[in-house]
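Notebook open, structure loaded. I want to look at the charged pairs and the greasy surface.

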Amino acid sequence: MEWDRDNDLLSRACDELIEQNALLQQEVEVLRAQLRRHPTGEMQIREARRQMDEWLETMHGHTPFPSDRQPDAVY
């Protein structure tokens, strides 16, 4: 009984986090599109990605695998 209640609470919390993550991803895309309209926007996006990669490498203590994602299109 208690396990079922705990499992239900965790499930609802995960669902809420997934919804919040989706909203944040949408907001990031809107902000990224706005930033690209600025003359130095694409350069700022690249610099932020480079810094994030460095941070992740430091946090995990290893060199990240090369990214297989496609570079973002310029609008």
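I started with Trp55, which lies in helix 2 (residues 41–60); helices here are DSSP runs of H or I, at least four residues, numbered from the N terminus. I'm working on a predicted model, where local features need pLDDT of at least 70, side-chain atom pairs count only at pLDDT 80 or more, and totals for chains, interfaces and linings use all residues. Residues are numbered from 1 along each chain as its sequence is written, and side-chain values use heavy atoms, with hydrogens and water left out.

Trp55 came up as partly exposed at 47% relative accessible area (buried is under 20%, exposed over 50%, partly exposed in between; 1.4 Å probe, protein chains only). I found Trp55 in a nonpolar surface patch with Met52, Leu56 and Met59, about 420 Å² of accessible area together. Members of such a patch have over 30% relative accessible area and no salt bridge, with nonpolar side chains (Val, Leu, Ile, Met, Phe, Trp, Tyr) joined within 5 Å. Areas are Shrake-Rupley with a 1.4 Å probe, and for residues only the protein chains shown count as cover.

Next, salt bridges (a Lys or Arg side-chain nitrogen within 4 Å of an Asp or Glu carboxyl oxygen): my search of the whole structure gave six.

- Arg50 pairs with Glu54, closest N and O 2.2 Å apart. Both lie in helix 2, four residues apart, about one turn. Shared partners join Glu47, Arg50 and Glu54 into one network.
- Arg36 meets Glu42 at 2.8 Å, N to O, and I noted both as buried.
- Arg5 meets Asp6 at 3.8 Å, N to O; Asp6 is partly exposed at 32%.

Key: Patch = residues over 30% accessible without salt bridge, like charges linked within 9 Å, V, L, I, M, F, W, Y side chains within 5 Å. Helix = DSSP H or I, 4+ residues; strand = E, 2+ residues; numbered from the N terminus.
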